[in-house]
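Good morning, and thank you for joining. Please look at the sequence and the structure as I put them up, and keep them in view while I speak.

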Amino acid sequence: MDDLALTGPTLRVRIPREEDAAALFEHASDPEVTRWFSWGPYASPAEARAYLARLPPQRARGEHLDLVVEHLDAGPIGITGLGELAARDRRAVIGSWLGRAWWGTGANHEAKALMCHLAFALLGLERLGAYSNVEHARSQRALERLGFRREGVLRGYHRHAGVALDVVIFGLLRQEWEAGGLPAVPVTVSGGPPPAFVVGG
Ligand SMILES: CC(C)(COP(=O)(O)OP(=O)(O)OC[C@H]1O[C@@H](n2cnc3c(N)ncnc32)[C@H](O)[C@@H]1OP(=O)(O)O)[C@@H](O)C(=O)NCCC(=O)NCCS
């Protein structure tokens, strides 16, 4: 069943649906939101629909597990996802974007708490990595606040529009997650994780 959802006090992260396209288009048509990405801003709702249509096979193959961040009252506010799964090493990387109105509201903290519960408690991962452009101070600060540790700079690591960019690599190990504040966020799980992403007991 493709029905995973994790619900916290104000947000849910869940498998995306076709009807999320309108809200995702609205948020990611803002160039500030996609400034640090290789894609965007969305110019039409069709781009959001095409993105959503690519997700199910990527999820089934264990390539990307992108989930909609849904505010329990306001509806979809962004995307958070796991990629670069290495089952043998029990690690993946996390990436996220939220609509501009949700920055600085605590939504990122709650969404990351839900995703860490998914990664460590449900999937059995031992490490979550995260990349941030060397100049993306806000994202770096946000990761550090969550307990991710800055580990170094990866040179020429991401290509955007033909240009190779340096990124900071951050990491959060299972024991650091357990000792930090994120597990204090209450989480209710429904449905099951995609089997390709379950790597440990
Ligand atoms: C990255 C993102 C998910 C973080 O969520 P957020 O709600 O903005 O993050 P927070 O408000 O929890 O944390 C940001 C921190 O950076 C600080 N900050 C903001 N602008 C800053 C700047 N220019 N320089 C340094 N720090 C900055 C904030 O003050 C805050 O730290 P504080 O709470 O200690 O004051 C969100 O900004 C986003 O969706 N951005 C667009 C997509 C994106 O770039 N994703 C990341 C790709 S690596």
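Leu 128 has Leu 172 as its bridge partner in S8. Helices (H or I, at least four residues) and strands (E, at least two) are DSSP runs, numbered from the N terminus. What we have here is a predicted model, in which local features need pLDDT of at least 70 and side-chain atom pairs count only at pLDDT 80 or more, while totals for chains, interfaces and linings use all residues. Residues are numbered from 1 along each chain as its sequence is written.

To stay with this pair of strands, Gly 129 has Gly 171 as its bridge partner in S8. Strands S6 (residues 127-133) and S8 (residues 163-173) are antiparallel and pair over 7 bridges; two strands count as paired if DSSP finds at least two bridges between them. S8 also pairs with S7, again in the antiparallel sense, over 8 bridges, and Arg 149 stands opposite Gly 171. The hairpin of S7 and S8 has 2 residues between the strands, and Ala 161 takes a positive phi near 50° there.

Let me now turn to the whole sheet. It is open, with mixed pairing, and its 9 strands follow the order S7-S8-S6-S5-S4-S3-S2-S1-S9. Strand S7 (149-160) and strand S9 (188-190) are at the edges with a single partner strand each, so one side of each is left without a neighbour in the sheet. On average, neighbouring strands are turned by 25° against each other, direction ignored; axes are lines fitted to C-alpha atoms, for helices over the stretch in contact, and angles run from 0 to 180 degrees between N-to-C directions.

Further along the sheet, S3 and S4 run antiparallel and are joined by 8 bridges, with a hairpin of 3 residues connecting them. In this pairing, His 71 has Gly 75 in S4 as its bridge partner. S4 then pairs with S5 in the antiparallel sense over 7 bridges. The hairpin of S4 and S5 has 4 residues between the strands, with Arg 90 at a positive phi near 50°.

Next, the helices. H1 lies across strand S4 (75-86) and S5, at about 85° to S4. In helix H3 (residues 45-60), the buried residues are Ala 48, Tyr 51, Leu 55 and Arg 59; buried means that 20 or more other C-beta atoms, placed from the backbone, lie within 10 Å of the residue's own. They pack against helix H1 (21-28) and strand S3 (64-71).

What are the residues with the most contacts inside the largest nonpolar core? They are Val 13, Val 69, Leu 114, Met 115, Cys 116, Ala 119 and Leu 128, in a core of 48 residues. Helix H4 (residues 107-122) gives the most to this core, with 9 residues. Such a core is a set of buried Ala, Val, Leu, Ile, Met, Phe, Trp, Tyr and Cys residues joined through C-beta atoms within 7 Å. Beyond its neighbours within four places in sequence, Val 13 is in contact with residues including Leu 6, Val 69, Thr 80 and Leu 114, contact being C-beta atoms, placed from the backbone, within 7 Å.

Finally, the ligand. It is surrounded by 18 residues, the closest being Trp 103, Asn 108, Ala 137, Arg 141 and Ala 142; the criterion is a C-beta atom, placed from the backbone, within 6 Å. H5 supplies the largest share of the shell, 6 residues.

Note on methods
A residue is buried if 20 or more other C-beta atoms lie within 10 Å of its own, exposed if 12 or fewer, and partly exposed in between; C-beta atoms are placed from the backbone. Two residues are in contact if their C-beta atoms, placed from the backbone, lie within 7 Å.
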